[in-house]
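Hi,

Here is the structure I promised to pass on.

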Amino acid sequence: MANRSGPQRPNGTAQAKICQFKLVLLGESAVGKSSLVLRFVKGQFHEFQESTIGAAFLTQTVCVDDTTVKFEIWDTAGQERYHSLAPMYYRGAQAAIVVYDVTNQDTFGRAKTWVKELQRQASPNIVIALAGNKADLANKRSVELEEAQAYAEENQLLFMETSAKTAKNVNEVFLAIAKKLPKNDQNVNPSVPVNITAWLTICVLRAGHF
Amino acid sequence: MSSVDITNLVQWKVNPGDTVISCVNASLMQDWLRMTRYLAIVTNGCSAALFVLTSANVPPTSVQEINIERIFPFDLNFKCDLESEAKDDGPDRFVAITYQKLILLFELELGDKSNMFVSELYEATGKVSEERGNEFLEFGWLQKYNPSFRIEQSDEEIEEQDDIIDNPEIPINRESLAKGASLLAMREAAIKFHMSKKEAEYTNTQTFRVFVGTWNVNNHLPTVSLQDWLACDIDPPDIYAVGFQELDLSTVAYVVSDSPREEEWRFQVEQGLHQGAEYKKVALIRLIGMLLIVYVRKEHFNHVKKVHVDSVGTGILSKMGNKGGVSVRMEIHNTSICFVNSHLAAHVVECERRNQDYKDICRRTSFSGFSPPLAIRDHDHIYWLGDLNYRIIPGMDVDVVKDYLARKKFPPILEYDQLNHQKRKGNAFIDFKEGPIDFMPTYKYDVGTDNWDSSGKERAPAWCDRILWKGDSIRQLEYRSHQVYRISDHKPVSAVFLADIKKVDNAKWRKIHEEVMKQLDKLENEFLPQATVDTTEIKFNPVNFLELQTRSLTIANNGQVPIKFKFVKKPKDVNYCKDWLTIDPFTSDINPGETCTIRLEVLVDKKSAYKLNSGQDQLYDILVLHLVGGRDIFITVAGEYERSCFGTSLETLAHIPGPIKEVHAGRLSELERQLRDSSQGLEAVGSYPVPKEVWFLVDHLHRHGMKTNQLFIQSGLTSEIEAIRTWLDCWSLDPMPGSVYSVAEALVLLLESTAEPIIPYECYSKSLEVAHTYQMCKKIVQELPFHKKNVFIYLCLFLRELVSHSDDNKLDVNTLATLFGGIFLRDPPWHKKVSAGKYWVTNQQNTFIRRKATFVSHFLTTDDPTLCQIVSTSGQ
């Protein structure tokens with residue numbers, strides 16, 4: 001058993017901070033939002049990823065310099081009929097990845113409307129990344145890299161072309177977001193419960209009323 | 001349940017002859033899980049053991065619920081460590097129980113109970129170390145128990161537990177979860193715990209030579225070189241910790257904080273350091289006569305971090321600094337080191353006082369700048385030096401002592417050394433090690449000589465000045481006194497150690513840190529609530545007014561943890577579903593591997609029909625099924641609503657010449673919209689004076705039901721009402737189906753399912769106010785829009801006739817007025833909000849009911865020939 005003061009960090013660096021952020025993925029259906037998350041969180045890829053009906057929730061941690069950034073990821077349903085439910089997920093989010101499919105011009109248009117909606121409705125400081133997914137299918141490309149890049153610059157978005165299939169830029173886009181997020185004390189929460197139920201259960205157990 | 005009860009329960013559990021000394025509630029921390037356990041110290045004769053118990057209920061209510069999980073005999077294999085010291089507002093304390101290779105970490109609740117338990121635990125285990133001389137403690141009595149885990153198995157078992165983090169594929173058994181295991185939420189604590197477990201993987205060690213010296217200088221000036229003391233070894237040390245006592249005994253020193261002596265001695269020390277290396281001062285701390293200076297070799301200086309000092313006075317009034325301790329703590333690379341220089345109470349008889357001083361220094365030394373502040377014990381390596389003042393127990397005669405000393409036979413005297421004695425008894429310096437003493441006592445000499453004190457006090461020489469240490473990987477090379485120094489009545493003492501200092505390999509650290517986090521993420525995601533549903537699309541058959549349809553939805557918990565689901569509200573919605581839908585249950589818990597079937601019922605009733613008819617709402621909704629702490633699943637509910645005269649406004653019905661089923665949906669919506677937009681209702685032109693549906697029903701009753709007993713009072717049959725609805729909506733050549741009771745009920749339902757009641761909501765309050773005056777009531781009716789007025793008068797006339805048959809139908813004015821009062825003067829929707837069930841509310845409601853009845857009864861009883869004219873004057 002190490003002591004409390006035991007070596008947790010290389011000497012000379014600050015204590016590790018843990019920041020927790022809510023991140024939401026938005027975009028047209030079948031552009032690969034769930035695949036990006038699955039690649040990022042589990043390192044997996046399924047050619048026939050089921051359509052998300054609802055909002056999937058996962059957590060993943062990345063280390064940026066001396067800060068540990070923990071993402072609470074909400075992967076939303078892309079189908080148009082669920083559009084009105086999106087605010088439930090981007091409300092209070094500090095970061096968003098708006099995904100389109102590089103082989104489908106319509107999805108890029110849809111991505112732009114998502115960006116507009118976020119700029120209008122989401123938290124003013126939200127960090128938005130635009131991800132042109134399915135970059136492995138460049139031969140079927142219909143959205144030019146330059147076009148998306150110009151749009152991203154104009155709107156001050158992080159931008160990358162990604163491929164959940166080949167893992168290209170998947171970790172990178174999350175890392176870029178983690179780097180851009182403000183790591184002030186507000187978000188530093190060393191003991192944020194993984195989930196409130198578990199936390200409550202612990203409290204209840206400890207209080208002895210079970 | 002108090003601890004006394006638990007202790008008693010456990011006492012019942014143990015075999016006769018065994019005694020439960022103490023029992024507490026604790027949490028067993030296993031990797032990411034925290035499980036409720038009870039810890040009990042049980043004794044039998046001289047030997048004792050720690051019992052780890054589980055209980056089916058928390059807290060247990062009977063002996064049968066308690067199960068003995070493990071038993072740890074307090075033998076030489078047993079070790080317990082307090083992880084953090086309990087402070088008033090400090091963190092919970094952790095107790096690590098080590099038995100051979102098995103390590104269990106328990107968290108105790110804060111409070112006296114736990115404090116008592118810990119001191120009992122220390123006492124019980126302390127006895128073991130006392131008994132260490134006697135090889136065999138008797139543990140046969142433990143054989144009679146049959147714990148869930150035997151110690152022999154424990155080695156393997158711990159391997160498995162340790163592997164959880166390395167191999168998260170090992171499922172965590174559901175049983176333990178169901179028994180109250182839960183996710184360990186404190187992520188940072190978890191990371192810390194796992195990083196410290198893996199420390200060896202990312203640290204290398206470097207051996208440092210540590211020189212520790214102590215000297216009580218008895219208020220003398222530094223007139224001699226200290227090289228013979230500090231630099232008497234060939235190899236230059238890496239770290240120096242040099243402590244003095246009685247540096248300055250002048251009374252001024254008690255009052256004025258700086259003393260010129262400090263500077264003089266510091267200078268002399270620095271002159272005396274080993275010439276073979278360059279040194280830099282890390283810290284200097286002085287409290288009156290106690291001075292402690294720490295140096296490191298220049299090349300190590302940049303690796304020294306987090307240097308803090310503290311001093312504790314235990315002298316006069318337990319505060320003054322003539323006695324006490326000064327401490328320096330630092331981290332060199334990744335090992336934390338604490339040096340304590342103390343001067344404990346003097347005199348042979350003050351042994352207790354010295355123990356107390358020791359405890360006070362331990363308790364009160366606190367390095368702020370850490371949260372929570374660190375204590376001495378919180379360090380990897382601790383060196384304790386100073387004039388500890390422990391003497392030779394008077395049991396050995398002074399002359400005998402001196403005789404042994406003359407022959408340099410130390411062991412017999414050391415048998416009588418108070419420090420050794422107190423250590424063995426567990427009164428002080430319990431966990432500290434000291435090397436074998438093979439040097440002359442350091443006190444008391446006649447100054448300027450090597451002769452024992454000749455003051456005539458006849459005191460036995462003693463090893464007052466000592467150096468002890470605590471911590472793994474420290475080896476003592478030297479422990480000696482320096483007899484050549486004669487300026488004090490004490491001789492200086494020094495010790496040289498080889499200490500392994502941990503150096504973190506940053507690259508490895510980062511790699512392992514990330515690995516730990518990844519595995520934690522993986523576990524966390526695995527432990528998130530997970531569920532599947534058998535369908536996300538609930539489709540209803542065409543839905544008719546008042547026709548209940550049921551669908552089911554099955555939610556399966558396919559995750560690792562119990563889940564709680566609930567349907568949640570969408571943004572801008574008032575409820576988690578539309579009012580035509582009922583979800584039962586809308587929230588519940590499901591255990592892993594189990595399912596829950598939910599009933600979804602669609603029922604369009606008088607409240608929801610209007611919106612669906614008028615096209616303001618659709619039979620379509622997306623339900624958000626939320627797993628608390630996890631994902632959401634969207635369930636789409638859809639069906640086609642069959643438009644009906646029920647829930648259609650009277651005006652619209654009057655404007656539709658044929659059955660409603662033959663009217664285009666757009667036309668219906670259009671009429672309803674026009675009606676909503678105008679304040680005076682729809683134009684009378686081109687419409688029936690009363691809706692034909694009302695006429696059909698009333699006419700039927702008029703022809704078949706006027707003499708029917710309890711018409712309107714006895715309820716109809718749902719199936720018949722449905723048939724009547726179809727008849728009205730589609731028309732038919734067949735006679736109207738159903739009994740007159742059902743027809744009467746259908747009439748009431750038709751009037752109740754409109755968006756607006758016959759007397760509009762805006763006239764509601766006024767109508768109740770004037771209910772007692774017929775003329776005023778009549779005026780209100782006269783001012784009603786055309787169709788509403790007609791229906792009102794038409795129905796009143798019908799009711800009047802009904803009353804005239806009261807001999808047969810047993811109806812009276814009051815009954816009918818009360819019933820129709822509620823229909824004509826329907827409570828506005830906003831009124832329901834105040835019905836909080838309080839007495840005055842009910843009372844007020846009763847008043848309202850009476851007034852409505854009064855309002856209607858005027859029209860059933862007053863002989864007013866002009867009443868009919870109201871209708872006829874506006875005829876078609």
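This is a predicted model: local features need pLDDT of at least 70, side-chain atom pairs count only at pLDDT 80 or more; totals for chains, interfaces and linings use all residues.

Residues are numbered from 1 along each chain as its sequence is written, chains are lettered from A and ligands numbered from 1 in the order in which they are written, and side-chain values use heavy atoms, with hydrogens and water left out.

First, a strand in chain B. Strand E28 (residues 632-638) has 7 of its 7 residues buried, so the rest of the structure largely encloses it. (Strands, E, are DSSP runs of at least two residues and helices, H or I, of at least four, numbered from the N terminus; buried means under 20% relative accessible area, exposed over 50%, partly exposed in between, with a 1.4 Å probe and protein chains only.) B:Asp632, B:Phe634, B:Thr636 and B:Ala638 point one way from E28(B), and B:Ile633, B:Ile635 and B:Val637 the other way. E28(B) pairs with strands from both chains (pairing takes at least two DSSP bridges):

- Strand E27 (residues 620-627) of chain B runs antiparallel to E28(B), with 7 bridges; the two form a hairpin with 4 residues between them.
- Strand E21 (residues 537-539) of chain B runs parallel to E28(B), with 3 bridges.
- Strand E2 (residues 54-64) of chain A is antiparallel to E28(B), over 2 bridges, and A:Gly54 stands opposite B:Ile633.

Next, a charged residue. The nearest side chain of opposite charge, B:Arg364, is 7.9 Å away (Lys and Arg count as positive, Asp and Glu as negative; His and the chain ends are not counted). A polar atom of the B:Asp310 side chain does lie 2.8 Å from the backbone nitrogen of B:Ser366.

Last, the rings. There are 46 aromatic pairs over all chains (Phe, Tyr or Trp rings, the six-membered one for Trp, with centres within 6.5 Å; planes under 30 degrees apart are stacked, over 60 edge-to-face, the rest tilted). B:Tyr576 and B:Phe586 are stacked, at 4.6 Å centre to centre and 10° between the planes. B:Tyr576 is buried at 18% relative accessible area, whereas B:Phe586 is partly exposed at 34%.

Cheers

Conventions:
A salt bridge is a side-chain nitrogen of Lys or Arg within 4 Å of a carboxyl oxygen of Asp or Glu. A polar contact is a pair of N or O atoms within 3.5 Å; within protein, one must be able to donate a hydrogen and the other to accept it, and residues adjacent in sequence count only if both atoms are side-chain atoms.
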